[in-house]
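Welcome, and please open your viewer.

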Amino acid sequence: MAPLASWSFDGVLRHYQADVLDRVDVDGGEPLHIVAPPGSGKTLLGLLLAARRGRRTLVLAPTLTIRAQWMRAAAALAPDPARVSDDGEHPGDLTALTYQALSVLDRGMPLETIAADRWREELEADDRSPEAAAAWLEELRSNNSRAYVAGIARRSRAVRRRLVREDPGVLAAALHPRALALVERLVAAGVETIVLDECHHLLDHWALVVAALVSRLRADGRAPLVIGLTATLPSPDDAHEYDNYTALLGDVDYEVPVPAVVREGNLAPYRDLVLAVEPTAAEIAFLNGQAVGLDVLLRRTFGGDTGLAYLRETLLPDVDPPTSRDPLDPPPAAPEDAIDARLATAFSADFPAAEAAAAMLFAVAPDDPLTTRIPEVARRQPTTDEAVRLLSRFALDRVLPDAALGPLWHRIRRTLADFGYALTDRGVRRTRDPVDTMLASSRAKDIGAGDILARERAAIGDDALRALVVTDFARHGNTHGGLVGSAGALRTFDVVATHPGARGLRAVLVTGRETRVRTEDADVLVRELGRELAIPVASTPLADAPYVSAVHAPGAGAAAIVGAVSGLLQRGIVHVVVGTRGLLGEGWDCPAVNTLIDLTAVATASATQQLRGRTLRLDPAWPEKVAHNWTVTALLPATVPLDAAPDAARLRRKHAALWGLDHDDPSLVVRGLASAMTLEQRTALRDVEARRPTASVARINAALTVPERRTTHAQWRIGDDYDDHEAVSALVARRQGAPVFRTSVPAARRLGGALVGLGATALVGTALAFLGGAAWGLGVGAVLIAAAVWAGVPIAREWRRSREQSRDVGAATARIARVLWRALGEAGRVGTATGEPRVTTRVSGDGGQDVDVELVGASTADQRVAADALTELFGAVRAPRFLLEVGQGSGSGLVERLLRSAARGPSPRQYLAVPTAIGRRAADAERFAGAWRESVGACTLHAMDHPDRLGLIARARREGVEAAPSVRERWR
């Protein structure tokens, strides 16, 4: 009998566990890659998959704690628990080890030999003999060891990234002899199934070591099955590391969504919430100083002769005259026309640089004659990003080549560094942005944590509150500006300890090196910690902050203290724990935690989901537990002259992969920011980002609604059936009373007026024809009636569509969606165009509308393509190949003139970007425009392939759009 064939489970499987076992094939020869949230039973699932295959199994876990969980679960299934081992010296039928036990690399620089071989090969490729290459490397190591070590280290990193795809011999060369011996023992024991728990860690050398084991098993004639289990996928930001991961595990075979586990009652229901804060006065002063410093440098740089000359040269590049002129050619252009031609050439060659130069010229020299020739939309203040990039290009093109301008070069470099750009003689690159760092580490976030604690204790009481406040680190390593350096868990605890809203809550700070409590709580907490640790514990007030005391527990490591604090939190002796993500993130479990306050700057899906997993465990002491997961985000007020919102962008990335109840319609489970903020909040957030005059951070918090926990518990409908199906739709938010297009209202009015006039004309004609009593009256009347009908039909059709766009957003959006789906199908971008758009609208608290467009009957992949296209159509114009001008263009000249007259005055024209999926081919774009005219309304298609179109795209980019589109993912 196979070693694991007799293992059995007598309990009841959860729906999704049974579904995984039914769907996946353990004998198919391919790796199994399963994603399931914390608390969903991944351990049992992995063991049952291994038991189904029956072969000897190796389990690799990231920590000793998780390894112990596997040992307990395996012993419960095995007929003989003695056959389960955690000793690599003596493997069992199932052996559980940590990744670290297997991944001991050889020496301080384990890949030195391989890297040196690669370096010699590079030298030989440069026409050196093998002997000369080896001699050169040896000389470099002897005479310039720093350069040699740097070269080896650089090549070692490159080699490490590629080793997953190497042969077993090359892989083994990087391992320590002890690790090699362990691999050989596992091979000799007959291991053929490898279970990788929390496999998102397999991004670098752990992936290398597992690949070495798999390769060795295959070399021995085995067919190993690799089972990867994780709560979240790793970030693909590092392509090499992500390739190592996917080379081992391939695509995801099954994903268990968090809502399914909640619906089955195996995770606690939850709400995601957002609190917005403004930086403190000191931080705002620092940021204002940054902005003022940049403005002064820009005006001094570009307001001088050299800077102005550079701006003019950028906008008026030299155009080579023809070498000879044919007598039949038209005469040379007039000077004014020549300037326009050179401007067009500049915008055509490098649109962003020319636009930035035009805006800068208007800012520093508004009376310059050239400003009257640049497009009106470019006569404005440059954005911060435009100014920084223009400054860096000027520094490279004009300042660096001139030795006399050395001081200016260094001043520009320092200023650019303040805005997160490193300027070198190779160009400019993005680095850590101190403005971003300041917002991510703002002291206002710590104060916000205290505000949240006050709100939560008022809602559920001190006896029920169990809160976790998480930061990235104990103390920030960056001291830029003297404000950021104090950020971290220690500062957060100091703020919480003195916050009026948290007074009376017993709080503990836990980091890898320090444990702190409020001095007023020290007697109780020191005594209880001593009982948990079974050792003497003492405390000492801090000299510079006597209201806080340091806890001393000699002989107790960080893990023991975390365990003791977790026990006190579980019992209610402690109400709040403040700590770091590394210590209290993945792997830390305390079922009593019901409130998370996330102050971290991490925004990857893996880290964000793991952190939220800390609150989702079921609490036996509170069967109706509901978790609240708070994110605190810092936003710049309008008084700061910087157009930057990095923390808002981070907020969106954090929630991009998180499922939750829609705040406006709790019957929906959605992924994204709608699960954390109401529509009114999101609208207020966009206003702050866009720096609208009426925007304020206070408006975001004023729109914050926190349902009672019992209401949230009911809204999750625990125990109800579900389809476990995802749907993707486009979500377009509109302001109160906003039409589909800005052009709709004036067009409807002008066309309606024309219809009234034509109606009057028809009445006059009727009167002449039937009441005049003369032949001439009959003829004139007939002509008037015919003219009214001839002109009225196209005008009436356009009026009806414009009126619909003004008054019935849902119906008009559905028309647009049908045209878009058909165009995508004709362009071959979706598998089928048979789906029917379903449009639903709902009114937000401020009277605005949320328009949801879903392609019913299409696959999820096609839904995503269509939703992306619709959000691109309604979104901000960037650099499309085609622009669609709505409200202009018609088959009727009279209608065209009426529409153009309606577009004059306060109502600007409106331009939409033709979606990339349609605009790749001109024929597809033209068909799309034709279908638009037929079904939606008048439009003109503009190809962005000629300099004279640059004014259109500039205007389109500056005007913006009423809609704020996004893609919404729903689970049901």
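The tour below starts with the overall chain and then visits cores and a pair of helices.

This is a predicted model, in which local features need pLDDT of at least 70, side-chain atom pairs count only at pLDDT 80 or more, and totals for chains, interfaces and linings use all residues. Residues are numbered from 1 along each chain as its sequence is written, and side-chain values use heavy atoms, with hydrogens and water left out.

**Whole chain.** Show the protein chain as a cartoon: it has 37 helices and 27 strands (DSSP runs, H or I of at least four residues for helices and E of at least two for strands, numbered from the N terminus). Of its 972 residues, 51% are buried (under 20% relative accessible area, 1.4 Å probe, protein chains only).

**First core.** Now select Trp 7 and Leu 49, the residues with the most contacts inside the largest nonpolar core, which has 47 residues. Such a core is a set of buried Ala, Val, Leu, Ile, Met, Phe, Trp, Tyr and Cys residues joined through side-chain atoms within 4.5 Å. Beyond its neighbours within four places in sequence, Trp 7 is in contact (heavy atoms within 4.5 Å) with residues including Leu 47, Ala 74 and Leu 94.

**Second core.** Select Val 277, Ala 291, Leu 505 and Leu 704, which belong to a second, separate core of 41 residues.

**Helix pair.** Finally, select α16 (residues 351-364) and α17 (residues 384-399). Where do they meet? Ala 353, Glu 355, Ala 356, Ala 357 and Met 360 in α16 meet Glu 386, Ala 387, Leu 390 and Arg 393 in α17.

Methods:
Buried means under 20% relative accessible area, exposed over 50%, partly exposed in between (1.4 Å probe, protein chains only). Axes are lines fitted to C-alpha atoms, for helices over the stretch in contact, and angles run from 0 to 180 degrees between N-to-C directions.
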